[in-house]
Each structure stands twice: as C-alpha cells, then as structure tokens.
Amino acid sequence: MSDRTILVIVAVMVILAGAAVALQLMDTCSTSGAGEEAIIKKTDDGYYLNLQAALELAEMDPRNGTVNYRGFNFTGPQRLYIFSRAVVMIGFNDTGMIHVRDYGGPEDPYGYLDTATLTESEYLDMAERTYTWMESHGRSPNHVGIYVKGSPDITPELAEKIFREVLLEYMRTGMLPEIISV
C-alpha cells in the first residue's frame, strides 16, 4: 500500500470514530423518556405514567376541569402533580414512571398573581416543592410560593398552567425554557 492510501484509510477511520462518539454523546444527553411510546397503567392506588404520557397529557385542553386521556380521567390536582413531577424529571434527567394518586383539591386556595414570569431555576424549585408537598399531604397546596424574597404566592391553578407551558415549550424545542411567562 502506498503512503497516500494509508493516510486516506486513517482519515476515514478518524471521521467514523468521531461520528460514533458524537452519536453516543447525543444519545447520552437526551432526556430519557421523551419521544418514547406513551405508557399509562391503572393500578389499585392510582396510575403510572411515563414522561411521554405526561407530555401528551400537557397537550390536552383542561378547560372543563377534568381531562380524559386514553380513557382515563385526570383532575386538576392530578395534573398539577403530573406536570410538576414531569418538569423535575426533565430538569434533572430523571427516568422512570410517575405514580399518580387521587389527590384532593386545596383546602383554602389563594394566590395573589394572575400572571408570572419565572426563570428555569425558579420553576424547577417550585415544581419540586409542589410534587413533594402533594406526596406528603395527599392534596394540592393552598398556594405555591416563589422563592424570591417579597414575591407573592400563586394559586395551584396558575402553578399547573406554568408547569404545563414549560412542558409544551419542551416539546417544541427539546429544551426547558430559560424563562417562562404565563
């Protein structure tokens, strides 16, 4: 073999190796669960949904209060839990299923904002506090606070809307938004 042939072979091998590494990195960086087939299972104590099912549920119109998705009805409190958990799953590249129980509504709902603009770190923090609070108390919180000193609280309904918009933006772009306004 000539030196030129060897150089061409080495160059092709380097290009192929680089492409393989790039494909591996792209696969590693993608959020697990998104783009997969939606899975929803009914159990004795609620439902199990994967991230794709949560994303599809976010596309449904919640105007009538209860949303029917694949033959299952989801209430506002259940959607608040699902959307907040899905936002955190995406934000922290979590995998697995979302276990949704029958959550009650807030006992004394209140909030002072009709609209909100939040950064990614603010809505991720709110989402994590929301779903963990609901797991502990079995119902929606009365309000959801923004951890910025002096910020007024928002209603559970506005929190659901915020988390839903985050998920819809994620579906459009493949990334969580840096800022969300609703």
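Me: Among contacts in the protein chain between residues at least 6 apart in sequence, what percentage joins residues at least 24 apart?

Reply: It's 64% of the contacts between residues at least 6 apart in the protein chain. Contact here means heavy atoms within 4.5 Å. Before we go on: this is a predicted model, where local features need pLDDT of at least 70 and side-chain atom pairs count only at pLDDT 80 or more, while totals for chains, interfaces and linings use all residues. Residues are numbered from 1 along each chain as its sequence is written, and side-chain values use heavy atoms, with hydrogens and water left out.

Me: How many helices and strands does the protein chain have, and what pattern do they follow?

Reply: Five helices and seven strands, and along the sequence they read α-β-β-α-β-β-α-β-β-α-α-β. Those elements are DSSP runs numbered from the N terminus: helices are H or I with at least four residues, strands are E with at least two.

Me: What makes S1 and S2 a pair?

Reply: Two strands pair if DSSP finds at least two bridges between them. S1 and S2 have four, in the antiparallel sense, so they meet the definition. Lys 41 stands opposite Tyr 48 in S2, and a hairpin of two residues joins S1 to S2.

Me: And how do you know that S2 also pairs with S5?

Reply: By the bridge count again: S2 (residues 46–49) and S5 are joined by three antiparallel bridges. Tyr 48 turns up here too, opposite His 99 in S5. That gives an open sheet of three strands in the order S1-S2-S5.

Me: Which are the edge strands of that sheet?

Reply: S1 (40–43) and S5 (98–100), since each pairs on one side only. From one strand to the next, the twist averages 20°. Helix H3 (residues 76–91) lies across S2 and S5, at about 165° to S5; that angle is between N-to-C directions, on a scale from 0 to 180 degrees, with axes as lines fitted to C-alpha atoms, for helices over the stretch in contact.

Me: Why is the Tyr 47 and Phe 74 pair called tilted?

Reply: Rings of Phe, Tyr and Trp (its six-membered ring) pair if their centres lie within 6.5 Å; planes under 30 degrees apart count as stacked, over 60 as edge-to-face and the rest as tilted. The rings of Tyr 47 and Phe 74 have centres 4.9 Å apart and planes at 50°, so tilted it is. Tyr 47 is in strand S2 and Phe 74 in strand S4 (residues 72–74), 27 residues apart. Ring pairs also bring in Phe 72, making a cluster with Tyr 47 and Phe 74.

Me: What makes Tyr 81 and Tyr 131 edge-to-face?

Reply: Their planes are at 85°, with 6.1 Å centre to centre. Tyr 81 lies in helix H3 and Tyr 131 in helix H4 (residues 120–137), so the pair ties together parts 50 residues apart in sequence. The structure holds four aromatic pairs.

Me: What sits over the ring of Tyr 47?

Reply: The charged end of Lys 42, 4.9 Å from the ring centre. The rule asks for NZ of Lys or CZ of Arg within 6 Å of the centre and within 35 degrees of the ring normal.

Me: Why does Ile 162 count as buried?

Reply: Buried means under 20% relative accessible area, exposed over 50%, and partly exposed in between (1.4 Å probe, protein chains only). Ile 162 has 1% relative accessibility, so it counts as buried. Ile 162 is found in helix H5. Beyond its neighbours within four places in sequence, its contacts include Tyr 123, Ile 154 and Val 182.

Me: How do you know that H2 is mostly covered?

Reply: Seven of the eight residues in H2 are buried, among them Leu 51, Gln 52 and Leu 57. Their cover includes S2, S3, S4, H3, S5 and H5.

Me: What is the largest nonpolar core made of?

Reply: It has 47 residues, and those with the most contacts inside it are Tyr 123, Ile 162 and Phe 163. A nonpolar core is a set of buried Ala, Val, Leu, Ile, Met, Phe, Trp, Tyr and Cys residues joined through side-chain atoms within 4.5 Å. H3 gives the most to this core, with nine residues.
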